[in-house]
Amino acid sequence: MKFSDLGLSSELLSQIEKMGYSEPTPIQQQSIPPALQGRDILGCAQTGTGKTAAFAIPIIEQILAGKARNAHPYALVLAPTRELADQIRETFSNLLPPGKAEVALLVGGAAMQPQLKALKRGAQIIVATPGRLLDHLLRSGLVLDRIGLFVLDEADRMLDMGFMPQVERILRYLPRERQSLLFSATMPPSLGMIEHRTLRDPVKVSVAPSGTAAEGIEHEVYAVDPRSKSELLAHLLKTVPGPTLVFVKTKVGAEQVFQMVKGMGEKAELLHGDRSQSERNRALELFKEGACRVLVATDVASRGLDIEGIAHVINYDMPTDPEGYVHRSGRTARAGAVGRASLFVSFGETTELKVIERMIGHQIEEGEIPSGILTHTALAPMLRPQASAFGSRRRGAPRRYV
């Protein structure tokens, strides 16, 4: 199937061609036709499969068809993080024919005045994070009563971050008669409530089981003593070439690892929630442009960030949930590419590893640790290998750590 087979306008097809795309991805093939017919959509697809264009293309097509009224917002897209919201805005900017519509980006950590100016110019598309959108609704007189199409992106992440009460408040400002699209990388049972509240007789599309890791990723696990994690990180940075994303659990930890990586002589940037929006934007831009090789980040970077060419994702700290591993590792091997995901596991974290392995559907191979770097058998030398919570690395051969 080609984009030209979807019945899109010549203006939009021209923009899609300029971006170098000719064939829609599976989630786009399944979502765009019913969305163009005005149906609600419940979409589930693993990260990196083109979900953003799956809703951006129908929105733009409806605007080109004259459904939007001048000076009134027609489409609202909610995203959980500033970075994801900005990437969605960028996708709209690339797909929109020149002069056809204005996009307003409403995110926290950025000045209100430019956002107010974009709204006053008559933005027909609003891309926002929940908190900042509520600020505009309550303080600047923003009116959303003519919204014709509402998108809730990364809905499972919205749940994880505790945004659903804010989303519920925002829904009260929207007209009941509207089209709604809900996209998520996973479909936890708790999502059922917001699905019921948001969608009417939705078309359900899914291109991968919930929590499936992307193809093309080589997964490796390293059983490392916490005292030697920095040494193992240095080893991997030296031996695995290419742009590398290092995930750390806490903001303080990310600062420490960032300083360590710079001390190793690597060009690095830092991304976490306490950095200003300008600092976060600068870090992403330098990483995208190749001006730095390593980006150290908390899970603020685990969802939706579409950066081409990331060769290696290193889970320096265990993610807080198994889905987090899927989303972190999904920053590499995007759009059919290949990549590598490394997971550091220390004493007491083997249960979490087993859950991750069950989720992705296979056992993760054990990476080789150079001599001189402590494995976490050093913490429990008397434990028997056959008692390992990991199970066997291969048939008949138990792993050597617990």
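Contact here means heavy atoms within 4.5 Å. This is a predicted model, where local features need pLDDT of at least 70, side-chain atom pairs count only at pLDDT 80 or more, and totals for chains, interfaces and linings use all residues. Residues are numbered from 1 along each chain as its sequence is written, and side-chain values use heavy atoms, with hydrogens and water left out.

**Exercise 1.** Find which residues lysine 229 is in contact with, leaving aside its neighbours within four places in sequence.

*Solution.* Start with the burial of lysine 229: its relative accessibility is 10%, so it counts as buried (under 20% relative accessible area; exposed is over 50%, partly exposed in between, with a 1.4 Å probe and protein chains only). Next, list the partners: Val224, Tyr316, Asp317, Phe344 and Ser346. Finally, look at aspartate 317, whose side chain makes a polar contact of 2.8 Å with that of lysine 229 (a pair of N or O atoms within 3.5 Å; within protein, one must be able to donate a hydrogen and the other to accept it, and residues adjacent in sequence count only if both atoms are side-chain atoms).

**Exercise 2.** Work out how helix 8 and helix 9 are oriented to each other.

*Solution.* First, take the angle: helix 8 (residues 164–171) and helix 9 (residues 191–198) pack at about 5 degrees, their axes 12 Å apart. Axes are lines fitted to C-alpha atoms, for helices over the stretch in contact, and angles run from 0 to 180 degrees between N-to-C directions. The two helices are therefore roughly parallel (angles under 35 degrees). Last, see who meets: Met164, Val167, Glu168 and Leu171 in helix 8 face Ile194, Arg197 and Thr198 in helix 9.

Conventions. Helix = DSSP H or I, 4+ residues; strand = E, 2+ residues; numbered from the N terminus. Parallel < 35°, antiparallel > 145°, perpendicular 65-115°, else oblique.
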